[in-house]
Amino acid sequence: MEKNNYITVSVLNRYLKYKIDNDPNLGEVFLKGEISNFKAHTRGHFYFTIKDENSRINAIMFASNASKVKFQVYDGMKVLVTGRVSVYESSGAYQIYVSEMLEDGFGSLYLAFEQLKEKLDKEGLFKEEHKKRIPKIPERIGIITAPTGAAIKDILSTIKRRWPLCETILFPSLVQGEYAKDDIVKNLRLAENYDLDVLILGRGGGSIEDLWSFNEEIVARAIYESTIPIISAVGHEVDFTIADFVSDKRAPTPTGAAEMAVPDKKDVMSYLSQVSIRMNTTIDSILKQKLDKLNNIKSSQIFKNPYRMYEIKEQQFDILYEKLLKEIKIIFEKKFQELNLLKSSFVFKNPNVLIIDKVYQYNDLIKKINLNIENIFKMKMQNYINLLDKVEILNPITTIKRGYSITKDKDGILKSVKKIKKGEKIVTELVDGFLESEVLEINEKN
């Protein structure tokens, strides 16, 4: 075989890619299988493998298509994919470029709905304790919906019929399509600036795709963060969205939301009429009670003869006055007796007795103090004499007087012959002077 018949790997891969890309059977392929080796790239691309019991194929889903997948993709998931088969020239491997993905057995939107619902429920966004109370009689209501269509007409006509005193503010919004979720969030935040009592968020009926903007996570979180009580009114009675679970109230229809938001003027008028009747009945009853009490007072003997009341008080005063005089007399007599008893006492007649007794006590105390001082002095003197005797015994001069002497060398008192050498000078202290000597001989005791 001639050398010119050989081709490069790049040429071969390019040829195979050309063949496969131009095969109409491979331009759009519908595959079902199980996902494995799934990886979500930071740039938004999905890389994974689709396999069945016997074979597998590599797959890639670029970010532009991956962003449309509304459910969580994971290894082991059964999926239905649509894509085209081609060759990646650098490795020579063929793979499927996926443009659409569905979970096998479930619609992708339904799966995404359930996954987001479960996630937000775990975070507590649906808890009843976070729900705000809808005011009974609002003064200003905000409405976020499309500016045209049956929903806004039903809401406005219902509010006008039931409670025309209420002011309404429309926040025109997209309610369907790719940009609807961002527009809804923008209007939710804008409504915070209008001092609203309640906010209606909704639209008319439609398919799950039409209502999907109300299932977006950013819409749910914006509803949860709103300080205004929100009534959701999305679709028909059988339709449920994530917005319904997060909102403070869920209405089955836009008309139902308007009925929840405002009272019916007929009901209010009926209530006011009942209150008026009860109020008049209560006032009549109170007036009758007060009138009966007034008549009783007017017919009383005291009211007819007011002096009788003073007569009774005058009599009570006399009784109290006499009792007071008696008590004062008893107190004076008691104190006078105490005074006489004091005046007749021995001490009062002979006050010197108190002084003499104190003098005796003073003299006794002086004697005790002197005796204590004398005893303390004798004890201290005896201690002093004892200390002098001990000092005298320990005094080296006393020892010398008894015939002893003290010998010293240049280092101090000599206590052993081992510390002196022949020829050294020593000094001997006697009772009446000192002797200086030179050591000629040293004799140690055996």
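Q: Where is N215 found?
A: N215 sits in the loop between β8 (198–203) and α7 (217–225). Helices here are DSSP runs of H or I with at least four residues, strands are runs of E with at least two, and both are numbered from the N terminus. This is a predicted model: local features need pLDDT of at least 70, side-chain atom pairs count only at pLDDT 80 or more, and totals for chains, interfaces and linings use all residues. Residues are numbered from 1 along each chain as its sequence is written, and side-chain values use heavy atoms, with hydrogens and water left out.

Q: Is N215 buried or exposed?
A: N215 is buried, at a relative accessible area of 4%. Buried means under 20% relative accessible area, exposed means over 50%, and partly exposed is in between (1.4 Å probe, protein chains only).

Q: What does the side chain of N215 reach?
A: The N215 side chain reaches the backbone nitrogen of I242 at 2.8 Å.

Q: And which residues is N215 in contact with, leaving aside neighbours within four places in sequence?
A: They are F113, L116, T241 and I242. Contact means heavy atoms within 4.5 Å.

Q: New topic: helices. At what angle do α5 and α9 pack?
A: The angle is about 30°, and the axes of α5 (residues 150–162) and α9 (residues 254–261) are 8 Å apart. Axes are lines fitted to C-alpha atoms, for helices over the stretch in contact, and angles run from 0 to 180 degrees between N-to-C directions.

Q: What does that make α5 and α9 to each other?
A: Roughly parallel, therefore, for α5 and α9. Angles under 35 degrees count as roughly parallel, over 145 as roughly antiparallel, 65 to 115 as roughly perpendicular and the rest as oblique.

Q: Which residues meet there, in α5 and α9?
A: From α5 come A151, D154, I155, T158, I159, R161 and R162. They meet P254, T255, A258 and E259 in α9.

Q: What about α6: which of its residues are buried?
A: In α6 (residues 180–190), the buried ones are A180, D183, I184, V185, N187 and L188.

Q: What covers the buried residues of α6?
A: The cover includes β6 (140–145), β7 (167–172), β8, α7 and β9 (230–234).

Q: Where is L170, then?
A: L170 is in strand β7. L170 counts as partly exposed, with 33% relative accessibility.

Q: How far apart are the C-alpha atoms of L170 and N187?
A: They are separated by 9.8 Å, and L170 and N187 are 17 residues apart along the chain.

Q: Which residues is L170 in contact with, leaving out those within four places in sequence?
A: L170 is in contact with I143, T145, P147 and I152.

Q: Let's switch to phi. What is the phi of N37 near?
A: Phi of N37 is near 55°, a positive value in a residue other than glycine. Most residues other than glycine have a negative phi. N37 lies in strand β1 (residues 29–40) and is exposed, with a relative accessible area of 51%.

Q: And what about D195 and its phi?
A: D195 is not a glycine, yet its phi is positive, about 50°. D195 is in the loop between α6 and β8. D195 is exposed too, at 64% relative accessible area.

Q: Last one: where is T428 found?
A: T428 is in strand β13 (residues 425–430). T428 is buried, with a relative accessible area of 14%.

How values were computed:
Polar contact = N/O pair within 3.5 Å; in protein donor to acceptor, adjacent residues only side chain to side chain.
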